[in-house]
Amino acid sequence: MLNAFHSPQAVALIGATSDIGQSILKAMPHDNLDTCFVVARDPKRAANSLQEFLPSRTKLVKVNFQAEKTQSHRAIVDQLFAEGDLDIAIIAAGVLGNNPDLDEAANALDAMSVNYVASAHLMLLVAERMKSQGHGQIEIISSFAQTRPRVDNFIYGSSKAGLDFMARGLNESLNGTGVSICILRPGFVRTRMTKFLPEAPFTVNSDVVGKLAVKLLKSGETIGYAPPILKWVALIFKLLPTSIFRKISKR
Amino acid sequence: MRKIESTGWGRTLRSISSEFEPRSLEELQEYVGGHESSRGVIVHGLRRSYGDSSLNIGGVSINAAFLSGLTFHQDTEMVTVGTGVSMRTLERASLERQLFPPVVPGTGFVSIGGAIAADIHGKSHHITGSFSSCVKRIRLLYADGQIRDLYPQGPGADHFWATVGGLGLTGMILEADLQLIQMHEPSVLVEETRVNNLEEMLGLLSSSDENFQHTVAWIDLSGDFRGRGVVGKGNYVTKNSATKKSSPGKIKESASLPFPNIGGISFINKYSVRAFNEIWFRKPLTKGITSIDAFMHPLDRIQNWNRIYGGRGFLQYQFVVPEGNEDFLAHVLATMKDLGAASFLGVLKKFGEGSPAHLSFPKPGWTLALDIPAHLDNLEQALNSLDSQLCARDGRIYLIKDARLKPEFVPVMYPRLEEWRAIRNNMDPRGMWQSDQSRRLKLC
């Protein structure tokens, strides 16, 4: 259960090797944290990283997870609720879809399967269970890239746009149930996943994103940008005529 | 059943549950006996618990309002009262018969069921003990749908004492027999004294307990937090102390103003609190006969005063620490100062003996209650640190006010928790009675 400070007792980090996911957990209040579900392809490695900042009293429950194996998702979600109420689930699994060993179509399939299909599926399953307990928050990592298609990241952007759309719709359907979805839309974040890419304007470290993500959870708002100024950049991006947008989005 | 969203009085925790409003005892019994949901059931009265004691997220919340019976026994000072009745209603009905409950809390807007389930206390604790001292019988609805009468002594006394202070987790209290006291008129002979620091305040509270039925101090939580304030002492007006103006049986109604709903804006900041507290500290002191309502329930003059803290709500941090730990009180004030936790409500009192209830809060020592805005930076860590020191000093937190205590502190603060759990499991083997607080603090 959450306490008056919005400090959770049980949290699940799905995609627990994600730098952003770990930063969110790091920024969260830990004083009350009894259980953290570490859901990852390599949960042991993820748990080792989390142990560096979580208090020793927090029990880390390692859960093996392969995003593309959607048939296993239900059993994974069952594990997250086996020990009692789950207060917050962070769905941070994601790929950029720019694997040089794969062609464009294969990369698109990869990004869609992890960023959209697996993440949205898990979000729906977790939301269903949270509805039964009458409370809970799910935070998903969307992206600024979903604002408007750009040549250099439309595959990634489209997969995040799908997840973002689903999350907004699900959040509406959950109104009045005690369960809610938070949608975090980061811009370019310095992580292991992006270290080979050129930085974009308003680039931030994952620690900054983590703090903003926790602030979003506490605020009860649905959508948050990291950094917050991207909210206004997104608005401008949406309104720009195509000819101008093409020019400024070329990198 | 309809879904309702509720909060505790502090407005920090919200909960959506299904509200069950029984129309008869039979309907209630049938419902409780046949209830099967894993999210359980809790009873609520007037929702004056500050945190999540009366909340049951995803489960069922039974509204006790229909338990509204009030029967005075002929030629005795005993009343049988339904637990949905408010203290204010009981007080007014009693005063018409020149009677009064011996223990009343700072607000009249608590239900009698809540008063028993929290084993509340008042300004008279050093003389009367907590509310359970006047409870001579309770009628309890068990999780299996059976109803039993329980008494403080004899067979079933363990169930009685597990229910008193038991936060509604042993069953639903349907009615109670209360032993009232005789009251000449609804007035109190009050004497207020201004004190300039904590030491003076503690000394005056200690020395006043011998001569006054009611003692309490308002402590200024602003400025230099040195513990200045106003000590209030009072005795019921008797035939001897009554004046010509006295009016037996008639309660003088104070004006009660609603605090407007202004969309979650907080009026609490160090400047507004400093100004209010300065005025309150300097106000003309009361010396003489005062309406019992104004003395016992000063905050009831403003309805929904909890809105003053805005949408993010507030916490009431109330603890008791044994005598000899006066330095801890000063340490708490210093901590509040460091946090910038300015507040217009700080109350200090010296408790007398505790009650036999397993989870009853009062025990001999000093109790300090502080209202604190919930949004302050580092507040959670600071209060956790104070809790840890409280455990080392044999102190405890008042659970009915709590919305943030760490579960591992509960067995230390309430050493009879295991004993209570065993009785509770015997009374409710299915674990049907549950609240958000019982889940958060792992009480059951």
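In chain B, strands β18 and β20 run antiparallel and are joined by 8 bridges; strands here are DSSP runs of E of at least two residues and helices are runs of H or I of at least four, numbered from the N terminus, and two strands are taken to pair if DSSP finds at least two bridges between them. The model is predicted, so that local features need pLDDT of at least 70 and side-chain atom pairs count only at pLDDT 80 or more, whereas totals for chains, interfaces and linings use all residues. Residues are numbered from 1 along each chain as its sequence is written, with chains lettered from A and ligands numbered from 1 in the order in which they are written.

Of the 9 residues of β20(B), 7 are buried, a residue being buried if 20 or more other C-beta atoms, placed from the backbone, lie within 10 Å of its own, exposed if 12 or fewer do, and partly exposed in between.

These strands belong to an open antiparallel sheet of 8 strands in chain B, ordered β16-β12-β14-β13-β19-β20-β18-β21. The edges are formed by β16 (287–291) and β21 (396–397) of chain B; each has a single partner strand, so one side of each lacks a neighbour in the sheet. Helix α6 of chain B (residues 198–208) packs on the sheet, touching β12, β13, β14 and β19, and its direction makes about 10° with that of β14(B). Contacts are counted between residues whose C-beta atoms, placed from the backbone, lie within 7 Å; axes are lines fitted to C-alpha atoms, for helices over the stretch in contact, with angles from 0 to 180 degrees between N-to-C directions. Strands β13 (214–219) and β14 (229–236) of chain B pair in the antiparallel sense over 6 bridges, with Gly234(B) as the bridge partner of His214(B).

The largest nonpolar core contains 120 residues, and those with the most contacts inside it are Ile116(B), Met201(B) and Ala217(B). Such a core is a set of buried Ala, Val, Leu, Ile, Met, Phe, Trp, Tyr and Cys residues joined through C-beta atoms within 7 Å. Its largest share, 6 residues, comes from strand β18 (314–321) of chain B. Leaving aside residues up to four places away in sequence, Ala217(B) touches residues including Met201(B), Leu205(B), Val231(B) and Leu348(B). A second, separate core of 66 residues includes Leu13(A), Ala145(A), Val179(A) and Ala226(A).

In chain A, strand β1 (residues 10–14) has 5 of its 5 residues buried. Both of its faces are covered, with Ala10(A), Ala12(A) and Ile14(A) on one side and Val11(A) and Leu13(A) on the other. Strand β1(A) pairs with β2(A), residues 35–40, in the parallel sense over 5 bridges, and Leu13(A) has Val38(A) as its bridge partner. Among the buried residues of α5(A) are Ile155(A), Tyr156(A), Leu163(A) and Ala167(A), and the cover over its buried residues includes α4 (104–133), β5 (136–141) and β6 (179–186) of chain A.

Most residues other than glycine have a negative phi, and most peptide bonds are trans. The peptide bond from Ala226(A) to Pro227(A) is cis, with omega near -5°; Pro227(A) lies in the loop between β9 (223–226) and α7 (230–239) of chain A. Asp75(B) has a positive phi of about 60°, lies in the loop between β5 (70–72) and β6 (78–82) of chain B, and counts as exposed because it has 6 C-beta neighbours inside 10 Å. Lys442(B), with phi near 55°, is in the segment after α13 of chain B and is partly exposed, with 15 C-beta neighbours inside 10 Å.

The contact between the chains takes 21 residues from chain B and 16 residues from chain A. Helices α10 (379–392) and α13 (436–440) of chain B each supply at least two residues of the chain B side.

Notes: Contact = placed C-beta atoms within 7 Å.
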